Amino acid sequence: MADKLHFSLVSPARELFSGEVDHVIAPGTDGEFGVLAHHAPFMTTLKNGVVRVLEGDTVKMRIFVRGGFADVTSAGLTILAEEARMLDGVSAGDVQEEMDATLLKMQALDKDDSVRATLQEHFDYLESLKAVLVH
Amino acid sequence: MPSLKDLKNRIASVKSTRKITKAMQMVAAAKLKRAQDAATAARPYAQRMAAVLANLSASAGAGGPKLLAGTGSDQTHLVVVMTAERGLAGGFNAYTVKLARQTIRALQDDGKTVKILSVGKKGRESLKREFSDLFVGHVDLSAVKGDSFTSNAIALGHDLTKRFDDGEFDVATLIYSQFKNVLTQVPTAQQLIPAAAPADAETVDLAGAIYRYEPSETAILETLLPRYITTQVLSAMLESSAGEQASRMTAMDNATRNAGEMIDSLSLQYNRARQAQITKELIEIISGAEAL
């Protein structure tokens with residue numbers, strides 16, 4: 001595979017990855033899709049799931065994202081995730097702890113608080129992340 | 001001529017002031033590092049988001065959602081003024097407030113209705129004096145620990161979108177202090193709603209290729225726009241907080257130096273006064289002895 005795809009993954013907090021890769025598989029709302037170099041311009045929203053970065057045929061990196069957008073242009077693939085973390089080095093126990101902490105914070109807030117809705121999203125994200133880790 | 005005791009007291013008080021300013025400077029320096037890192041780390045996301053929006057709005061044309069296309073009127077303006085919660089940061093708050101005041105006045109001169117939403121206590125205090133009847137809301141950031149503005153930004157973003165949907169205003173402008181470097185913070189006015197992609201956002205030339213959207217262009221725009229606004233608010237908050245710390249650090253550094261100079265000159269004055277008193281006492285003793 002001669003041509004490389006420029007891929008960058010950013011979350012509001014920081015830029016998680018930026019560089020040249022062979023192949024990226026991302027979870028679009030309408031189904032998973034793969035992007036290679038010279039992909040046609042394409043944009044989609046994402047659902048919670050795993051973004052896989054492939055080098056040749058081997059998975060080099062797995063990143064768990066919550067929502068956001070993927071934007072494919074001639075310049076490469078950009079994923080804007082609401083939240084993202086590398087799957088390697090995360091244990092289900094850590095995630096469970098974080099879930100408990102989020103739940104506590106949520107219970108302290110009013111039902112119609114917009115922050116609560118955000119925490120709920122965060123909680124759902126952790127829940128699906130845990131599901132991935134347990135399997 | 002102040003007495004020796006007065007001078008001594010003043011030196012002691014300036015010395016303790018210097019200790020305080022020095023401590024504040026060091027605290028600001030430590031906080032600055034973190035605030036600056038947070039602001040820098042958040043930039044790529046905001047930039048990419050702007051680029052994506054620029055691409056989308058270029059192809060969406062005029063028929064897009066209201067958040068992008070506007071209400072078709074620009075009669076009612078909402079000015080969001082973002083300042084610090086605390087003072088003692090040199091001209092930081094004053095410059096931002098000055099820009100806000102100019103913007104509000106210019107809008108009023110054009111016959112527009114202006115509403116103000118303040119973020120941070122200081123801007124509210126200064127603008128309340130002149131425009132107390134224009135305030136529609138205030139966001140308190142005093143409870144925020146460190147740089148975790150995310151939930152505040154989301155709340156403010158939701159609030160703005162809701163007010164816009166309720167028809168409370170046509171155009172929202174965000175006035176905040178942009179962090180250039182430790183010595184320079186630039187007060188900036190940025191149009192928030194209708195969302196305008198910044199002119200310098202990099203758009204990619206598609207060379208005639210057609211974008212494909214999943215699920216659909218409008219669906220994407222509808223999810224993207226509120227997030228774009230939240231992102232803008234968040235990055236403004238981060239920039240503003242980095243600027244505040246930088247400004248406070250510089251101001252307190254100056255204050256510490258000034259206090260040092262003041263102590264030097266007061267000590268000189270104190271020593272002179274003490275010497276003068278000794279000389280005076282000697283003269284008294286000698287002339288007393290001569291008189292015998």
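The following exercises, with worked solutions, concern the chains of a predicted model.

In this predicted model, local features need pLDDT of at least 70 and side-chain atom pairs count only at pLDDT 80 or more, while totals for chains, interfaces and linings use all residues. Residues are numbered from 1 along each chain as its sequence is written, and chains are lettered from A and ligands numbered from 1 in the order in which they are written.

**Exercise 1. Describe the fold and overall dimensions of chain B.**

Step 1. Chain B contains six helices and six strands; helices (H or I, at least four residues) and strands (E, at least two) are DSSP runs, numbered from the N terminus. Their order from the N terminus is α-α-β-α-β-α-β-α-β-β-β-α.

Step 2. Chain B is more spread out than a compact globule, because its radius of gyration is 28 Å, well over the 19 Å that the globule rule gives for 292 residues. The radius is taken over C-alpha atoms, and the rule is 2.2 Å times the number of residues to the power 0.38.

Step 3. Along the principal axes, the C-alpha atoms of chain B fill a box of roughly 115 × 40 × 30 Å.

**Exercise 2. Trace the strand pairing around strand 6 of chain A.**

Step 1. Strand 3 (residues 23–28) of chain A pairs with strand 6 (residues 49–55) of chain A in the antiparallel sense over three bridges; pairing requires that DSSP finds at least two bridges between two strands. Here A:Val24 has A:Val53 of strand 6 as its bridge partner.

Step 2. Strand 6 of chain A also pairs in the antiparallel sense with strand 7 (residues 58–66) of chain A, over seven bridges.

Step 3. Strands 6 and 7 of chain A form a hairpin with two residues between them, and A:Gly56 in the turn has a positive phi of about 65 degrees.

**Exercise 3. Characterise the side of chain B that touches chain A.**

Step 1. 25 residues of chain B are in contact (C-beta atoms, placed from the backbone, within 7 Å) with 25 residues of chain A.

Step 2. Helix 1 of chain B provides the largest share of this side, seven residues.

Step 3. By class, the side has 17 nonpolar, five polar and three charged residues. Ala, Val, Leu, Ile, Met, Phe, Trp, Tyr, Cys and Pro count as nonpolar, Asp, Glu, Lys and Arg as charged, and the others, Gly among them, as polar.

Step 4. Strand 5 (residues 42–45) of chain A pairs with strand 6 of chain B in the parallel sense over three bridges. A:Phe42 has B:Arg212 as its bridge partner.

Note on methods:
Two residues are in contact if their C-beta atoms, placed from the backbone, lie within 7 Å.
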